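Me: Please go through this structure with me in questions and answers, giving the cut-off behind each term as it comes up.

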Amino acid sequence: MLNEKFLIQLFKPQTVYNKTALRKLFEDLAHASIMRLDEASMDKLYDLMIMAFKYQVLMARQPLELILITLNHVDAIRNFVSAPALQTQIDKTYTMLMQMYAHLSIGEMQNVKYSLLNFLQGHRVRVSVFLRHKVQNTDGTFVIPTSGPVPAGCEIPGCIRSFDPDGIVCQTTHFPAGGEYAAACEPGSTEMHGNRGTDLGCNIYTVPATTDMSPMNTYYGNNNPLENIGAVGNGAKYQDLEADEFLLGKEELNLLMAQLLGSQAEQKQGFGSKEIIRLSLFGLGEEKESNPTLQKEELESKNFIRIDARTRTSTAALEKVYDEMTMQNEELQQDEDKEQDLLDLLDSMM
Amino acid sequence: MVGNFFVKNYAALDGVCSKWLCDCVFFGISFQITKIVLRLYHPSYYRKEFTEEQMYERNGTLTLVMWCDVKRHQLLVVASSLGVQIFDEDGRVCKFSHPCVDMPDGGGNFARGLALIGHDMLCVGNSSGTIRIFHIPEDLDPVVKIDHKQVHKKAVTDIAASVTGGNLVVTADDSGELSLWRLERELHLVSMFPTFRYPCTSLKIWEGFILCAFGSGHIRVFGTKTLSLVCEVAAHARWITAADLAPDTGYFLSVSEDSFVKVWQISKRDGMVSLKFSAQVQDNLLVGGKFLCSGGEKFCVSTYESCNVICYCA
C-alpha cells in the first residue's frame, strides 16, 4: 500500500476520489491477504472505516490537526511493521506527507477539510464503540463537545477587549460564552517521531487502565497526568484487550497441562510459568514432516512431554472423567422404557 | 422563537460554505460533491409552506451566493469552481458567466468572495488571490470587466464593500492577510492590517467599521479612519464559518463549528461590541447564517449534513 509508485500517483494534486473508486480500492486492500469477506461483511468494514475517519475529521479542532491525525495513522502502521525495507517505505511516506502539507496555511488546510467533509456527507452509520463511549448519537450524528481545550492560537470565548489607536487595551468586559472550554494545549509534534498531542487516529479499541476517561478525543498537554499515553507503541498505561485475552488463554493451557500430567507437570513445567507452551496434538511422525527444522534433540529433551491417551495414566481425576464419558449397553436398553422414573435413571448414571 | 424549515433534501443546505441571502425570497443552495444545484424557496416560511423549483444544475463546487440590487434588478450572483455567474431574480436565466481563472493549466480553481461596490460594480475574488471588478449596466448587457488585480498571495476568502460611499473595499485571504482598498479608476491599496495567522472568513463594512470573523473564533473590529484595531472579541471556541450584518441596527451574526450561533451589537459611535443573544444547536456544525430582515429581528442558520434550516425570531 505504501509502494513508492502508488504514493507518487496518490500525492498528485487531484480532486477527491469518487466513492466507487475508493470502495474498490478498499476492497482490494482488504483482500490483499488471505482474508476473504462476503459482501455484507465488506460493507460493514467499509462503513466502520468511513465513520471512524469521519469522526476524526469532524473532531479535529483546527485544520492543521488533520496532519497530526494522519501522522497518528502512519505511526500505527510503523508499529505493525518490523522489516527494514518496509520501515524505509514508511519514512518515505512521512517525507512526502510533510512536503505536501506542512507548508499549507490554515485557510488552505481548511479547504482540504471541507473537501473531506463534503465527501463524508450522508454517512450516518451507528458504530457500537462510538455509541458505547457516547460520542455518537442514536441518529448517527456525532456529539460536538462544548468542553475541552480550544485549538492552539485560539482563546477561550467570553472576553471583549477594546483598544485605543496605539493598540493598548483600554477596557475588558466579559460575557457568558456557553460551554466549558479550557486553554489551548501545546501543539502536537510533526517530527518523524513524537507526541502528536491528540488521540484522533489512534487505536480506538484500547482502554485506559488507570482512569475511567473515555479514550475518545483526548488531548494531552504538559499539565495532563496522561501525558505519555497516546500513540500505539507507547502502551505503558493502556490495557490492550487483545493481550489480556492471550494471557488468559495461556493460564488456561497451563491449568490443562497440570490436570493432564498431575504432579509431573508441577515439577517439569514450573506451574504458573509464563513460558510459551506449544501443544502438539498429532503424532511425532507428523510433527517431523510438518516441521523439518525441529531438531531430534529438542523432541527428546526434558521439556517435551508425551501424552498418549490410549494408555491409561494413574491420574484419578482423569480416570473419573474417562469413565463418565463411557455409557454401558445395559443402561441404554433401560432408557427405552419411557415410564422409568427419572430418579432411577439418574441413579443408574452415577 | 425557533422554527424549523425543511428543505428538499439535505444536499440542499449542506456544504460547509452554504451562505445565502434572504430578502423576501428565501434561497437554498445544494452543494453536493460534484454538483451545484440552486433551489429557490419562496417566503411563508412561518406557515411552513414554500414553493421550490430546481433552477440550475451543473458539475462543480459552490463557494458563495449573494443577492444584490443592481439598478432596478434583483440579481443572484453565484461564485463557484466554475467562476462567477449572474442570474436574474427568478434564478432561471444565467445572464453572465466568467471563469475568473488566472492559471488555466493548474487545477482546483474557484471563485470566492463577492461584493457590490456602489450600485453597479461587482467584485469577485478567486483562488489565486486576484480580484476582478465587473461593471453591470442597466439592462445587464454587456457586463464588462473593468479591473483585474492581484491583491493577495493565497486564495481570497471574502470581500466586503462599503455601502455608504467612499468606495472602500476590504479583502482577506487564506493566509490571514487583510487589506483595505479604495476604488477610483482602479483599486488602490489604503492599508494592510496585521495578520493573525488564522484567516478571516467573513467581512462586512458598516458605518466606518470593518467587521471581521476569523477562523480562530475571534471577531475583530477595525476602524476605516484610524486604520487600527478597535475591538476584539473571543467569540467562539472554533472556526467561525459565516457571519452577517443587519444594517438598520448594527446587529452582527456569527455561526461557528462549535455549534453556537451568536448575535452581537456593534456600536455606531465607537465600534464596541456587546453580546445580544446566544444559542446552541446541539451537535451541529453550523455552516451558514443570515438575517432575514434588515433590522435583524429574524435570522436563520444552516448546518452540515442536515436538511433543516433553523429560524429564530425575536
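Reply: Buried means under 20% relative accessible area, exposed over 50%, and partly exposed in between (1.4 Å probe, protein chains only). This is a predicted model, in which local features need pLDDT of at least 70 and side-chain atom pairs count only at pLDDT 80 or more, while totals for chains, interfaces and linings use all residues. Residues are numbered from 1 along each chain as its sequence is written, chains are lettered from A and ligands numbered from 1 in the order in which they are written, and side-chain values use heavy atoms, with hydrogens and water left out.

Me: Is A:Leu10 partly exposed or buried?
Reply: A:Leu10 lies in helix H1 of chain A, residues 4-10. Because its relative accessible area is 42%, A:Leu10 counts as partly exposed.

Me: How much area do chain A and chain B bury between them?
Reply: The size of an interface is often given as the accessible area lost when the parts come together. Here 51 residues of chain A are in contact (heavy atoms within 4.5 Å) with 45 residues of chain B. Buried area is the accessible area (1.4 Å probe) that two parts lose on being put together, summed over both. Of the area buried between chain A and chain B, 55% is on carbon and sulfur atoms, and the total is about 3,900 Å².

Me: Which residue of chain A forms a salt bridge with B:Glu232?
Reply: A salt bridge is a side-chain nitrogen of Lys or Arg within 4 Å of a carboxyl oxygen of Asp or Glu, and three are counted between chain A and chain B. With the closest N and O atoms 2.4 Å apart, the partner of B:Glu232 is A:Arg161.

Methods:
Helices (H or I, at least four residues) and strands (E, at least two) are DSSP runs, numbered from the N terminus.
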